[in-house]
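These are notes for a colleague who is opening this structure for the first time. Please read them with the sequence and the model side by side.

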Amino acid sequence: MTPTHDTPEHPEYGNWVSKRIIATFAIITLLLAAASWFWTLLLIPALVTFIIASYFAYGRYVLSANGGDLQTKVRTLLLNQIPWDGNGRILDIGCGSGALSIALAQKYPHATVIGIDSWGARWEYSQQLCEMNARLAGVQDRVSFQKASASAIPFPDGSFDLAVSNLVFHEVHDTKDKRLLLKETLRTVKTDGTFAFQDLFLLKRVYGDTDNLLEAIRSWGIQQVEFIPTRDSPVIPRTMKPWFILGTIGIIKGKK
Ligand SMILES: C[S@@+](CC[C@H](N)C(=O)[O-])C[C@H]1O[C@@H](n2cnc3c(N)ncnc32)[C@H](O)[C@@H]1O
């Protein structure tokens, strides 16, 4: 989504499944189908890419407001797990279209929120879109956005009372060891401050064993940490539970 279109009446939070990924698989399907005139066996990979394109199109629909608004439901799983009194400064890492930052500002009327994101070309999001959404939601006085990477957060140690992040760390490609991203985020939280992150924490290839991960976090001097496997939530349909979509999500939350 480009921020240059006419201003809509309501916030537009985009979609975690971009049109670009669906279009890429659809184009590959068409190319393979055309080439199968010359080599019939190419119909097999054409069928595979067609299934992938169709699955992503289905996923985009289910996540969207028209298809059940699963994106909002997944963010709400995180919002409902934040043990916080609502006073102070919030950092939202990888804020995307600003949806979580804005929901936090609405939930905590005495808090200020800063959303950061790298806003790469892969996503339908931008800083302008976030700012427009905050204005449309009427929280622009307490929410701001800035371009920054989760791997080098441009705030001093202990700057925030609450740090949150939703489905971001596994997407950060410049840091292979995702534990370093958790450590970098926790650095910015005040002593006694609160944190709550939702990500594909049950994906062992990315995070390793969950108990070891929690143990590592405790070893950084974090006073309280626990894990909630949100993948088991009934709001997530079975069709959206493959490991690479929402089948490995969970929340790590606690107090620094
Ligand atoms: C699945 S989206 C989630 C967006 C948002 N948290 C939400 O709940 O809608 C992943 C987000 O991670 C962001 N991201 C990827 N790499 C990043 C990085 N190095 N630093 C900050 N954000 C990053 C992307 O730009 C994208 O907005």
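In which segment does H10 lie?

1. H10 lies in the segment before α1 (19–35); helices (H or I, at least four residues) and strands (E, at least two) are DSSP runs, numbered from the N terminus. H10 is exposed, with 9 other C-beta atoms within 10 Å. By definition, a residue is buried if 20 or more other C-beta atoms lie within 10 Å of its own, exposed if 12 or fewer, and partly exposed in between, with C-beta atoms placed from the backbone. From H10 to L186 the C-alpha distance is 33 Å, and the two are 176 residues apart in sequence.

2. On the source: this is a predicted model, in which local features need pLDDT of at least 70, side-chain atom pairs count only at pLDDT 80 or more, and totals for chains, interfaces and linings use all residues. Residues are numbered from 1 along each chain as its sequence is written.

3. The protein has eight helices and seven strands. Its radius of gyration is 19 Å, close to the 18 Å that the globule rule gives for 256 residues, so the protein is as compact as a globular protein of that length. The radius is taken over C-alpha atoms, and the rule is 2.2 Å times the number of residues to the power 0.38. Along the principal axes, the C-alpha trace spans about 65 × 45 × 35 Å. Of the 256 residues, 36% count as buried.

4. There are two domains, domain 1 (19–66) and domain 2 (70–255), with bounds that come from an automatic or database domain assignment. Their C-alpha centres lie 32 Å apart.

5. The largest nonpolar core has 60 residues, and I90, I102, L104, A105, A163 and V164 touch the most other members. Such a core is a set of buried Ala, Val, Leu, Ile, Met, Phe, Trp, Tyr and Cys residues joined through C-beta atoms within 7 Å. Helix α4 (residues 99–107) gives the most to this core, with six residues. Each of domain 1 (19–66) and domain 2 (70–255) supplies at least three residues to this core.

6. Leaving aside neighbours within four places in sequence, I102 is in contact (C-beta atoms, placed from the backbone, within 7 Å) with P11, N133, A134, A137, V139 and V143. A163 is found in strand β4 and is buried, with 26 other C-beta atoms within 10 Å. Not counting residues up to four places away in sequence, A163 touches L91, I93, T185, T188, V189 and F195.

7. Most residues other than glycine have a negative phi. W119 has a positive phi of about 45° although it is not a glycine; W119 lies in the loop between β2 (111–117) and α5 (127–137). L167 likewise has a positive phi, of about 60°, and sits in the loop between β4 (160–166) and α6 (178–187). Are these residues buried or exposed? W119 is buried, with 20 other C-beta atoms within 10 Å, and L167 counts as buried with 20 C-beta neighbours inside 10 Å.

8. The ligand is surrounded by 21 residues, the closest being G94, G96, S118, A150 and N166; a residue is near if its C-beta atom, placed from the backbone, lies within 6 Å. By class, the shell has 11 nonpolar, seven polar and three charged residues. Ala, Val, Leu, Ile, Met, Phe, Trp, Tyr, Cys and Pro count as nonpolar, Asp, Glu, Lys and Arg as charged, and the others, Gly among them, as polar.

Definitions and conventions: Contact = placed C-beta atoms within 7 Å.
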